[in-house]
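Here are my notes on the model you sent over.

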Amino acid sequence: MKVEDKEQNREEYLKDVDIFVTNRCNSNCIMCPLSETVRRKSDNGRIEEIFQQIKELPENVEYVNVTGGEPTLVGQAFFEIMDKLKMKFQNSGFQLLTNGRSAADFDFLIQLLPHLPYGIRWAIPLHASNAMLHDQITRTKGSFEQTDQGIKNLLMCQQKVEIRIVVSKKNLSDLLNIAKYIVQQYQGVFCVNFIAMEMMGCAAVHKDELWVDYPIVFKKMKSAIDCLISHGIDVQLYNFPLCAVERGYWHIAVKSITDYKIRYMPECDQCKVKDICGGFFYSTKQVMKPSVTPIG
Ligand code: SF4
């Protein structure tokens with residue numbers, strides 16, 4: 001690797017930093033890109049490593065992603081992590097990737113709020129418009145009720161909430177209902193993002209139950225996208241190749257895959273929009289070999 005490339009990579013790293021809090025999760029989503037073995041592995045001692053990571057990072061990080069597993073599961077240590085992040089990165093944007101279930105506990109939420117950096121965005125997956133399907137996807141009874149209450153509590157506390165809809169064969173027919181549910185129940189939501197799966201871990205194990213090729217997904221998603229946009233809600237599409245998305249929706253398709261994970265199919269070399277297309281996850285390309293239609 002050339003020196004300038006190394007410099008550029010470091011620059012990109014500083015733009016976007018992941019604080020990986022824990023493997024553990026209180027849900028067990030069928031399309032989780034982590035394997036069940038990884039999620040069950042003990043990660044005691046990780047907290048000190050995180051403190052060290054925060055200490056070693058420069059202050060000029062553009063965006064901090066707090067992620068897991070379910071980051072809030074580490075209890076008091078989560079408060080301490082957020083305190084340290086808030087103190088150190090005073091000019092950074094923040095995102096907390098969580099299943100939102102902890103926020104159903106209003107006392108916990110009220111205790112947590114003063115520890116959070118200003119303007120933090122809560123990114124919370126909603127898998128269905130009803131408890132039965134959502135809980136079937138998370139494989140955790142009661143998860144819909146808690147996530148739903150969590151989102152409502154957060155909105156009541158004027159928190160910035162992004163709803164994430166991870167699209168699979170399981171919820172494909174429910175997408176429009178999910179959009180309608182969001183419009184009716186979550187007034188003040190910041191945005192809604194549709195996410196294509198990363199086919200590794202649990203997702204790869206259950207690929208036959210989950211996988212639908214991107215063009216079919218887009219056709220089903222379209223009415224849900226239109227419903228949200230027509231109600232003034234910002235929508236983005238993460239991890240979708242452009243050839244699967246109608247041209248009129250390209251402006252909401254984000255190049256969202258981390259650089260080192262991006263791959264293209266051999267046919268993509270003929271495509272005129274490869275430079276602006278986000279491609280595929282390496283794992284999705286390997287496991288599913290998705291079809292592409294190069295744009296001429
Ligand atoms: S053909 Fe390849 S580069 Fe072109 S839009 Fe499809 S996935 Fe992207």
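**Notes, starting with a buried aspartate**

1. Asp-148 counts as buried, as its relative accessibility is 9%; buried here means under 20% relative accessible area, exposed means over 50%, and partly exposed is in between (1.4 Å probe, protein chains only). Its side chain meets that of Lys-152 in a salt bridge, 2.9 Å from N to O. The term salt bridge covers a side-chain nitrogen of Lys or Arg within 4 Å of a carboxyl oxygen of Asp or Glu. Lys-152 is partly exposed, at 26% relative accessible area. Both residues sit in helix α7 (residues 143-156), four residues apart, or about one turn of the helix.

2. Before going on, the ground rules. This is a predicted model, where local features need pLDDT of at least 70 and side-chain atom pairs count only at pLDDT 80 or more, while totals for chains, interfaces and linings use all residues. Residues are numbered from 1 along each chain as its sequence is written, and side-chain values use heavy atoms, with hydrogens and water left out.

3. How many salt bridges does the rule give? The count comes to ten.

4. Next, Glu-198 and Lys-261, whose side chains form a salt bridge at 3.1 Å, N to O. Glu-198 is in the loop between β6 and α9 (202-205) and Lys-261 in the loop between β8 and β9 (262-263), so this pair ties together parts that are 63 residues apart in sequence. Glu-198 counts as buried at 13% relative accessibility, whereas Lys-261 is partly exposed at 24% relative accessible area. Also worth a look: Glu-36, Arg-40 and Arg-139 are joined into one network by salt bridges that share partners.

5. On secondary structure, the protein has twelve helices and ten strands. These are DSSP runs numbered from the N terminus: helices are H or I with at least four residues, strands are E with at least two. Strands β6 (residues 191-196) and β7 (residues 234-238) pair in the parallel sense over five bridges, pairing being called when DSSP finds at least two bridges between two strands. Asn-193 has Gln-236 in β7 as its bridge partner. Strand β7 is also joined to β8 (residues 253-254) by two bridges, and these strands run parallel; there, Tyr-238 is partnered by Val-254 in β8.

6. For the overall dimensions, the radius of gyration is 19 Å, which agrees with the value near 19 Å for a compact globule of 296 residues. That radius is taken over C-alpha atoms, and the globule rule is 2.2 Å times the number of residues to the power 0.38. Along the principal axes, the C-alpha atoms fill a box of roughly 55 × 50 × 40 Å. Of the 296 residues, 53% count as buried.

7. Last, the surface. Phe-106, Ile-110 and Met-156 make a nonpolar surface patch of about 280 Å². Patch residues have over 30% relative accessible area and no salt bridge, with like charges joined within 9 Å and nonpolar side chains (Val, Leu, Ile, Met, Phe, Trp, Tyr) within 5 Å. Ile-110 lies in helix α5 (residues 106-112) and is partly exposed, at 43% relative accessible area.

Note on methods. Accessible areas come from the Shrake-Rupley method with a 1.4 Å probe; for residues, only the protein chains shown count as cover.
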